[in-house]
Amino acid sequence: MPNNTHKKRGHWIVRDLGGLVHSFYLRASRFGTQEEAVFWIDVQVFSADWNELVFPERPYRGPSEGPCLVSRELGAWCVPPLQSLKISAATDAKILLAQLCSAVEQHALPYLASRQSPEAMLAKLIQQPEPGTELSIVGLARLLRNEALAKEHMTRAKQNAAHDNDLRFLDLREVGLEDARGRVAHERSPTAEHAKDEAPEGVDVRPRRDALGLAADLLGRHVQGRAEGLGQAVGRGPHH
């Protein structure tokens with residue numbers, strides 16, 4: 001069932017809108033130490049139907065480190081941009097938290113608010129292309145029964161493939177997409193009304209102060225405490 005509020009699930013904070021799932025993911029680095037935690041916060045959009053169509057061998061069970069439609073690093077929206085997020089005993093946690101909350105409210109939430117449905121997601125990817133999202137476009141176009149658009153972007157992805165392995169990967173995805181034709185039931189049709197960047201009825205997309213209620217969840221329960229506590233909270237995350 002769609003849920004218009006943010007729910008914490010492990011290292012993900014999730015908002016299920018039915019057709020799409022919005023997610024904030026706390027991703028820790030294996031290069032962090034006891035003295036300094038290194039991490040990122042990813043802003044992601046998932047789709048169970050898209051996942052089933054494009055990656056049928058990887059069943060969708062909720063936000064994960066698997067395939068997603070888009071993934072953006074929150075730090076890139078900070079001022080100044082942060083390539084990675086770090087917490088140590090010397091970190092001013094209040095300053096870091098202010099930077100992250102500002103990035104969420106000024107950039108991440110508006111970004112997600114304009115991507116509330118598969119139709120709006122596809123329209124945005126066409127209007128504002130993002131690197132590495134050709135398969136996102138192909139799968140969404142197929143779900144929305146726009147075969148010409150799907151074929152156009154699969155051809156474009158193959159033309160831009162940097163290596164033979166990339167091309168073989170795309171060939172496999174294309175075969176899978178053809179095999180899946182008609183297998184995924186999709187009740188919506190790509191009407192002009194759905195293509196607008198509007199939220200579904202009843203969904204409040206206005207950015208809010210403490211927009212996440214998320215601050216404490218993203219950085220642990222020690223937001224008002226010392227940097228060491230924040231580092232320990234983040235350091236318990238999955239390592240990559």
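Of the 240 residues of the protein chain, 45% count as buried in this predicted model. The chain holds nine helices and six strands.

The mean pLDDT is 79, and 72% of the residues reach 70 or more. Helix α3, residues 118-127, has the highest mean confidence, at 97. Helix α9, residues 227-235, has the lowest, at a mean of 38. One covers residues 184-189, with 15 contacts beyond four places in sequence. The other covers residues 191-240, with 94 such contacts.

Nonpolar side chains were examined next. In soluble globular proteins, such side chains tend to be buried together. The largest nonpolar core in this model has 43 residues. Phe24, Ile41, Leu74 and Met121 touch the most other members. Helix α2, residues 93-113, supplies the largest share of this core, with eight residues. Within the largest core, Leu74 illustrates the packing. Leaving out residues up to four places away in sequence, Leu74 touches Ile41, Val43, Leu100, Ala103, Val104 and Ala108.

Ser23 lies in strand β3, which runs over residues 21-28. The relative accessible area of Ser23 is 0%, so this residue is buried. Its contacts, with neighbours within four places in sequence set aside, fall on several parts of the chain. Ser23 is in contact with Trp12, Ile13 and Val14, and also with Asp42, Val43, Gln44, Phe46 and Pro63.

Helix α4 covers residues 134-143. Nine of its ten residues are buried, so the helix is largely enclosed by the rest of the structure. The buried run includes Leu135, Ser136, Ile137, Val138 and Gly139. Leu140, Ala141, Arg142 and Leu143 are buried too. Just after α4, Arg145 takes a positive phi of about 65°.

Helix α5, residues 147-159, packs against α4. Two packed helices are described by the angle between their axes and the distance between the axes. Here the axes come within 8 Å and cross at roughly 160°. Angles over 145 degrees count as roughly antiparallel, and α4 is therefore roughly antiparallel to α5. The crossing of the two helices is left-handed. On the α4 side, the residues that meet α5 are Glu134, Leu135, Ile137, Val138, Ala141 and Arg142. Their partners in α5 are Glu147, Leu149, Ala150, His153, Met154, Arg156 and Ala157. Several of these α4 residues, including Leu135 and Arg142, are also buried.

Helix α6, residues 164-179, contains Phe169. This residue is partly exposed, with a relative accessible area of 36%. Phe169 touches Phe55 and Leu135, not counting residues up to four places away in sequence. Leu135 is one of the buried residues of α4. Lys158 is eleven residues from Phe169 along the chain. The C-alpha atoms of Phe169 and Lys158 are separated by 9.6 Å.

How values were computed: Residues are numbered from 1 along each chain as its sequence is written. This is a predicted model: local features need pLDDT of at least 70, side-chain atom pairs count only at pLDDT 80 or more; totals for chains, interfaces and linings use all residues. Side-chain values use heavy atoms; hydrogens and water are left out. pLDDT is the predictor's confidence in each residue, from 0 to 100. Helices (H or I, at least four residues) and strands (E, at least two) are DSSP runs, numbered from the N terminus. Contact means heavy atoms within 4.5 Å. A nonpolar core is a set of buried Ala, Val, Leu, Ile, Met, Phe, Trp, Tyr and Cys residues joined through side-chain atoms within 4.5 Å. Buried means under 20% relative accessible area, exposed over 50%, partly exposed in between (1.4 Å probe, protein chains only). Axes are lines fitted to C-alpha atoms, for helices over the stretch in contact, and angles run from 0 to 180 degrees between N-to-C directions. Angles under 35 degrees count as roughly parallel, over 145 as roughly antiparallel, 65 to 115 as roughly perpendicular and the rest as oblique. A crossing is left-handed if the near helix is turned anticlockwise from the far one by less than a right angle, and right-handed if clockwise.
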